[in-house]
Every structure is written in C-alpha cells, then in structure tokens.
Amino acid sequence: MSHGNMNLTLKVWKQKNKNEKGRFETYDAKGISPDMSFLEMFDVVNEQLISSGKEPIAFDHDCREGICGMCSMYINGRPHGPKQGVTTCQLHMRSFKDGDTIVVEPWRSAAFPVIKDLAVDRSSFDRIIAAGGFVSVNTGNAKDANNILINKDDADTAFNAAACIGCGACVAACKNASAMLFVSAKVSQLALLPQGQIEKKARVMNMVKQMDEEGFGNCTNTGACEAECPKSISLENIARMNREYLGANML
Amino acid sequence: MSTKTGFLHSSVGKKIVMGITGLFLISFLIVHVGLNSAIFCNDGGVTFNAGADFMAHNPVIRVMEIVLFGGLIAHIIMSLMLTMENRKARPVGYAMVNGAANSKWYSRSMGILGSLLLIFLVVHLGNFWVPTKMAVMNHEEHNTFEGMKAVFSQWYFVLVYLVGVGGLLFHLLHGFQSAFQSLGLNHKKYTPLIKKIGIWFSIIVCALFAAMPITMHLGLIK
C-alpha cells in the first residue's frame, strides 16, 4: 500500500497486428497516484508518449465501471491483476508499491487474436452466442412478467450466470485457454428458465460445437477460471453444461 | 454425421470419457488395494496368494482385465488428444504466469503426473503381471507373495514404487473430484462431500500402497 505518488516500470507487450510477432517494451510510469485505476495509469503513460511523439500503447476499454468486459489485460501473471472479483478498470494503483515492475500482456488464446498491443479480438465469443445463446420469441406484445411462474432459486441461479460480462478472463486464466466458464454461463442462464427450456438441446449442442470450432482448449477443472472471474461465475455452470450436453446427446 | 461421432469429437464429450474411464480405474484401485492388503495378515502370504490365485483364474476377472486395459488405453488416448488440442489453443504463451494464485499445482499437472504413472505402470506390470501371466500360460505354480518379497528386497524398487504412489496420490487428489464435475455431477450439498471423500480416498489408498514395499523391505511382513 502506497500513499504518495509512485514511480513504476511497465513491461508491456507491443504487437503491431495479428500477423506480426510481438515483443515486450519497457516504459517508465512516473508520478502515478495510488488512487488512479490501472487504466488511468495507462492514460497518463500514453499522454506522455503522445506528447513526446511516440506511439501510445493500444488497449481496450469502454465503461470503466466493471460491466463492459473490455479491459483485457494480463497483469503480473493474472487476468485483471492481483485482486479478485474485479476488472482492470476496477483495479487501483494502491495495489502496487513504489518501484514495482509490472508485466502487462494481452489475453493469450488462438481464439482471441491480438488486434494491436493489449487489444484482442473476442468476436469468437459473439459467434458462440449467435450459435445458440438466445431464446426464439415470436413478435407481438410483451407478456406480463408474472404469467410464467419461476422458482426463486432458479431465477437467482440464472441471474448469477447472466452476470457474465464476456470479458474472457476465464479463457486467459485457463492453462488450456478453455472457454467453458463463459459458454456454460450462457447455456445455464437460459437452460434454467422456462423460456429457455424449449431450445435447450439444440442450444447446448450448437454452442459447444461453435466453441470447439473457434479453437478454445478443453476443461481440466483446475478452477482457475472461477477464481479469476470478475463476476465470480461458479463452476457449477460448467457441470450443468456437461449435464445438458450429455443429456442432449443421449436422449 | 452421427451424434455419437460428434460427441467423441467434442471437448465436453472427451472430458466425459476421461471422467468415466477415470472413475472405472479408481474402482479397480479399490479391488487392487483391498486384495493386496491381505499381505498385512502377516500369515506368510497364504491369504494373499489365495486371492491372487483367484484373480488369475476366475473367468469374470479375466474378462474384466481386458475391459480394464481398454479403459486405461481410452483414458490415455483421450488425454493425449485433449493435450494436443490444448497446446494449439494457446500458441503464444504468457511471459509471466501466477498459477498458484488461482489453482492447485497438481490440477495443472495431470498430464505430467499421468505420464509418470504410465512409466511406473510399465515397471509394475514387468514386476508382477508378466511373471504371473507366464506362469498361468505355462501351467506353473506361481507364488506372487514370494515375488513381491523379492522385488521389494531391492531398495531401488522400493524407491520407484514410492515415487509411483506419490504420483498416484496427486493424480487422484485432483482426478477423483474432477471426474464428477466432468460428468456434470455438481451439487451444492454433495460436491463438498465428494471432495472430502476424494481426499480421504486418495490418502488412504496411497498410504496402504506405500506401506507394502516399505514393510516388506524392512522385513516386517514375513
């Protein structure tokens, strides 16, 4: 814990595009306030780089309040850095000490090609959702929400699964770059609700097929994904997806 | 394409096969450790040899032996396929990985532990399974207990067996509960129980196995 401003050394992955080989580059981050977020620290460094005519570091960000899932940074060997249950924008510089060297890498997965530096292309997740992460509804007026009664426990479990923001930290944390936690959260949130039951067989089959086609790895049940998930998505979802998949194949 | 082929080609399907074969191999361990514990009767191997003789000649056990090898081979082939896919899934690795922050080392080392077990298994089958098979084929009497004493009289075999059992311990510590998860058996009430049983099962089975070469080498089993 530091209180005064800090001077840090950053080792950041620089990569021009998907096809070029990347390398680490070292930057000095001077006068960093402990109250800054990790992304604000990058803003300061980039301002300095721009004003001295150098190329800034490319990184993804959007909401900066932990709900968009864009700030994919692998910091000192962990997705989103040393704190649990937070995204990079929610990580504050007080988690580091003056004089620290911080290593920042992009998510590393064949299914998440690097666009530039720390920004990766996570559209493989979108294609998995497009393969089955939806409920087909005919057009017409919205029905009253209470027409279909839902068990409170199921509603809560579905809601917890739906908290997934698709940030890809599970893939980044997994030693096999597996997307099982993400896919299982999306399968679960719909399979648990009556509206999602009707298409549940096709959904799990198509989403798992798309997941495999995108080149994600396999699940070894290490639990790293759950431990690193900023939304604490449970491993129970993976078991539920395995169950759904087994059921869809057997019955 | 039939759904069955699709199932075995999918990541989830392969993991389910890993889980089923893993649990099957665990069931074999129970029989194996149970029977071998007969040496602790310390009756000159009479009880143990009776058990070994039954296992060597009972037709049901003969069939199960083939199923067992089938299960073992399926477990190995699936693990190799999964590992190759996993390698491809991350072509550029991280410069810095803090795995200890989010998972147990042995859960991340199942492939290495499994390879260690396979090497151990080759030595182990050479020590006991091959001589027993030879004796059965040649219609000779075979004293497995004396064979055990001969092997474990050598310190380096004791060491090899202890390393093998150590590998088994950590493979089981992760594998037992992981198999249930792969099969989709995760429940708020029962999963903590499965995990606890898995830990105790691994420790007890491996302690019994480890005690065999040690006690025999020290001459405690006569």
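Two strands count as paired if DSSP finds at least two bridges between them. The views below show a predicted model.

**View 1. The open sheet of chain A is built from five strands.** The strand order is S2-S1-S5-S3-S4, and the pairing is mixed. Strand S2 (23–32) and strand S4 (78–79) of chain A form the edges, each pairing on one side only. Helix H1 (residues 38–51) of chain A packs on this sheet, where it touches S1 and S2 of chain A. The direction of H1 makes about 100° with that of S2(A).

**View 2. Strands S1 and S5 of chain A run parallel.** Strand S1 (residues 6–14) is joined to strand S5 (residues 101–105) by four bridges. Lys11(A) has Val103(A) as its bridge partner in S5(A).

**View 3. Helix H2 (residues 123–132) packs with helix H7 (residues 200–213) in chain A.** The angle between them is about 155°, and their axes are 8 Å apart. H2(A) is therefore roughly antiparallel to H7(A). The crossing of H2(A) with H7(A) is right-handed. H2(A) contributes Arg127(A), Ile128(A), Ala131(A) and Gly132(A) to the contact, while H7(A) contributes Ala202(A), Arg203(A), Asn206(A), Met207(A), Gln210(A) and Met211(A). Five of these contact residues are nonpolar, three are polar and two are charged.

**View 4. Chain B meets chain A through 36 residues of chain B and 39 residues of chain A.** On the side of chain B that touches chain A, the elements giving two or more residues are helices H1 (3–9), H2 (11–36), H4 (59–89) and H7 (155–182) of chain B. This side of chain B comprises 15 nonpolar, 15 polar and six charged residues.

Notes:
Residues are numbered from 1 along each chain as its sequence is written. Chains are lettered from A and ligands numbered from 1 in the order in which they are written. This is a predicted model: local features need pLDDT of at least 70, side-chain atom pairs count only at pLDDT 80 or more; totals for chains, interfaces and linings use all residues. Axes are lines fitted to C-alpha atoms, for helices over the stretch in contact, and angles run from 0 to 180 degrees between N-to-C directions. Angles under 35 degrees count as roughly parallel, over 145 as roughly antiparallel, 65 to 115 as roughly perpendicular and the rest as oblique. A crossing is left-handed if the near helix is turned anticlockwise from the far one by less than a right angle, and right-handed if clockwise. Two residues are in contact if their C-beta atoms, placed from the backbone, lie within 7 Å. Ala, Val, Leu, Ile, Met, Phe, Trp, Tyr, Cys and Pro count as nonpolar, Asp, Glu, Lys and Arg as charged, and the others, Gly among them, as polar.
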